[in-house]
Amino acid sequence: MATIKKKAWPELFEKVAAGKKNFDLRLNDFEINEGDMLVLEEWDPEKKEYTGRTIEKKVGYVFRFKPDELPFYPAEEIKEKGLQIISLE
C-alpha cells in the first residue's frame, strides 16, 4: 500500500470534505492502485500555495483509459461531446 499526495483546488476539496464528491479524475501520470491512500492537499491557485488542509481517502477502483481508445464510444464523438464521470451512491 502506498500513500500518494495530490493538489486539490478549494471548490473540489470542499466537495470531498462535505462527502458530496466520492471520485477523483486525474491525469494518468502517476501510479496509484486499489488499497492505496490518496492524500488531497488543498491548493489555492490564486496565491499559488497550499492552505494546510488535507483529506486522506482510501482508493477503491481505479479506471484508467485513453479517450481515443475507449471501445464503446467513437473518438469523434468523444472529441465533440467530451466525457463525464458519474458518481454512484
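Me: Which residues line the second largest pocket?

Reply: A pocket is an open set of points on a 1 Å grid over the protein atoms alone, where a 1.4 Å probe fits and protein lies on both sides within 12 Å along at least five of seven lines; lining residues have an atom within 4 Å of a point. Here the lining consists of Lys-7, Ala-8, Trp-9, Leu-12, Phe-13, Val-16, Lys-21, Phe-23, Asp-24, Leu-25, Arg-26 and Leu-40. The model is a predicted one, in which local features need pLDDT of at least 70 and side-chain atom pairs count only at pLDDT 80 or more, while totals for chains, interfaces and linings use all residues. Residues are numbered from 1 along each chain as its sequence is written, and side-chain values use heavy atoms, with hydrogens and water left out.

Me: What volume does the second largest pocket have, and which elements supply at least two residues of its lining?

Reply: A volume is the space filled by probe spheres set on the grid points, which are joined across faces, edges and corners. For the second largest pocket this comes to about 180 Å³. Strand 1 and helix 1 each supply at least two lining residues, and helix 1 has the largest share, with 3 residues. These elements are DSSP runs numbered from the N terminus: helices (H or I) have at least four residues and strands (E) at least two.

Me: How many residues of each class does the lining of the second largest pocket have?

Reply: Ala, Val, Leu, Ile, Met, Phe, Trp, Tyr, Cys and Pro count as nonpolar, Asp, Glu, Lys and Arg as charged, and the others, Gly among them, as polar. On that basis the lining has 8 nonpolar and 4 charged residues, with no polar ones.

Me: Which salt bridges involve Asp-24?

Reply: A salt bridge is a side-chain nitrogen of Lys or Arg within 4 Å of a carboxyl oxygen of Asp or Glu. Asp-24 meets Lys-21 at 3.0 Å, N to O, and Arg-26 at 2.7 Å. To describe their surroundings, buried means under 20% relative accessible area, exposed over 50%, and partly exposed in between (1.4 Å probe, protein chains only). Lys-21 is buried because its relative accessibility is 11%. Asp-24 is partly exposed at 31%, and Arg-26 is also partly exposed at 31%.

Me: How many salt bridges are found in the whole structure, and which residue forms one with Arg-53?

Reply: The search of the whole structure gives 5 salt bridges. Arg-53 is paired with Glu-42, their closest N and O atoms being 2.8 Å apart. Arg-53 belongs to strand 3 and Glu-42 to strand 2, so this pair ties together parts that are 11 residues apart in sequence. Arg-53 is partly exposed at 36%, whereas Glu-42 is buried at 7%. Through shared partners, salt bridges join Glu-14, Glu-42 and Arg-53 into one network.

Me: Which residues make up the largest nonpolar core?

Reply: A nonpolar core is a set of buried Ala, Val, Leu, Ile, Met, Phe, Trp, Tyr and Cys residues joined through side-chain atoms within 4.5 Å. The largest one here has 10 residues: Ile-4, Ala-8, Phe-13, Val-16, Phe-30, Ile-32, Leu-38, Leu-40, Ile-55 and Val-59. Strand 1 (3-8), helix 1 (10-17) and strand 2 (37-44) are the elements that give two or more residues to this core. Contact means heavy atoms within 4.5 Å; leaving aside residues up to four places away in sequence, Phe-30 touches Ile-4 and Lys-6.

Me: What volume does the largest pocket have, in turn?

Reply: The largest pocket has a volume of about 1,400 Å³. Of its 37 lining residues, Phe-23, Asp-24, Leu-25, Phe-63 and Ile-85 are the closest to its centre. Strand 2, strand 3 (49-58) and helix 2 (75-81) give two or more residues to the lining, and helix 2 gives the most, with 3 residues. By class, the lining has 22 nonpolar, 6 polar and 9 charged residues.

Me: Is Lys-58 buried or exposed?

Reply: Lys-58, which is found in strand 3, is exposed because its relative accessibility is 64%. Not counting residues up to four places away in sequence, Lys-58 touches Gly-35, Asp-36 and Met-37. Another exposed residue is Glu-46, at 77%, which is placed in the loop between strand 2 and strand 3.
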